[in-house]
Amino acid sequence: MKRVYNFSAGPAVLPEAVLSEAANEMVCYKDSGMSVMEMSHRSSSFQAIIDEATADLKELLNVPDNYKILFLQGGASMQFNMVPFNLMKNKKVDLIQTGQWTKKATKEAAILGDVKILASSEDKTFSYIPDCSDLPIREDADYVYICENNTIYGTKYHELPNTKGKDLVADLSSCILSEPIDVSRYGVIFAGAQKNVGPAGVTIVIIREDLVREDLAFDVPTMLRYKTHVDAKSLFNTPPCYAIYICGKVFKKLKAEGGLAKRKEINEQKANMLYDYLDNSEMFRSTVEPGSRSLMNIPFVIGDEALEKKFIAEATARGLVNLKGHRTVGGMRASIYNAMPVEGVAALVDFMKEFEAKEKKNV
Ligand SMILES: *Cc1c(COP(=O)(O)O)cnc(C)c1O
């Protein structure tokens, strides 16, 4: 069967070349005589895989030496717990409310301390990123928390908040590796791999060394302490070996293709193709303010539910799949992560044009 263009928000499309390479190594990895899935996580073969993945990720993101890179389990959602457990001192978090993922983070942080919402875009169904140049950050806040790319609503920070000296903690699940970032501006970055990197099951955490604390404000279980995983170099217990192996292949591919500056160029080209069409169409429109638009997740609507249903069904029949919008937003959403080829976005835009012309004639 022919591969489709998969616009899923996550788990999402992976580079076909990576999947083929993995398929070739599935039964026998290099000279190990076994699959990566069957390998001891203490073996030299696996140690080489995780060491290389770490080094390549460090190079791609230009991670400074005073940051630790971890491959953990539990998804981005477990970071909603690990971050407050490990970073709270005064038990105060200041947060910018930009959608469902920050709401979930708020709920978890509020179990342990006091969460102040510094700004919110809920008044306009999270269709923009609030002005974060002069926020009422508390003197004794432990950190400032954001979700940098809002997977569901399709908004993205194009400028990081002015945290007034407080550490910034950011959920980059749906935008990590989509463009270069300045890691030194963050205290902690985390990202579930299944959006823009690799398979579900592994979560990337990048944490500044001084935030890896021994003395915590709570009695924190061993597995939920960053220090446990930093000390054991992500091998405290069995890591998600196969997922890390696939991520490593994706890192190698990104490097070979010219790194994140080149990635950004291609991602902008793809997103602009779609936004340009949406801004000029008489049928479809973007739901996001121009200054806050994501390069990765692009929601759009027709405003007529029956027509939207028809669009999604006809697109699916053409091999343009998973375009249905999030259940809380409705309409459509195209997630066009790194692994979505330019041709996939072009095929989507061509189909939208065709659909618009056809339906206009029907009126
Ligand atoms: C998908 C997603 C999550 C949740 O990730 P899990 O790995 O399923 O826990 C959190 N934050 C953002 C921004 C996401 O897109």
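A contact means heavy atoms within 4.5 Å. Among contacts in this protein between residues at least 6 apart in sequence, 68% join residues at least 24 apart. The model is predicted: local features need pLDDT of at least 70, side-chain atom pairs count only at pLDDT 80 or more, and totals for chains, interfaces and linings use all residues. Residues are numbered from 1 along each chain as its sequence is written, and side-chain values use heavy atoms, with hydrogens and water left out.

**Overall build**

- The protein has nine helices and 14 strands. Both are DSSP runs numbered from the N terminus: helices are H or I with at least four residues, strands are E with at least two.
- The radius of gyration is 21 Å, which agrees with the value near 21 Å for a compact globule of 363 residues. This radius is taken over C-alpha atoms, and the globule rule is 2.2 Å times the number of residues to the power 0.38.
- Along the principal axes, the C-alpha atoms fill a box of roughly 70 × 60 × 30 Å.

**Burial, surface and charge**

- Of the 363 residues, 57% are buried. Buried means under 20% relative accessible area, exposed over 50%, and partly exposed in between (1.4 Å probe, protein chains only).
- The protein exposes about 15,900 Å², and carbon and sulfur atoms supply 50% of that area. Accessible areas come from the Shrake-Rupley method with a 1.4 Å probe.
- There are 45 positive and 48 negative charges, and their mean positions are 2 Å apart. Lys and Arg count as positive, Asp and Glu as negative; His and the chain ends are not counted. Each charge is placed at NZ of Lys, CZ of Arg, CG of Asp or CD of Glu.

**Strand β8 and its partners**

- Two strands pair if DSSP finds at least two bridges between them.
- Strand β8 spans residues 168-171. It runs parallel to β5 (residues 143-147), joined by four bridges. C147 has D171 of β8 as its bridge partner.
- β8 also runs parallel to β9 (residues 188-192), with three bridges. Here V169 stands opposite V188 of β9.
- In a regular strand the side chains alternate between the two faces of the sheet.
- Both faces of β8 are covered. L168 and A170 are buried on one side, V169 and D171 on the other.

**The β11-β12-β14 sheet**

- Three strands form an open, antiparallel sheet in the order β11-β12-β14.
- The edge strands are β11 (285-286) and β14 (332-335), each pairing on one side only.
- Two bridges link β11 to β12 (residues 297-301) in the antiparallel sense. R285 stands opposite V301 of β12.
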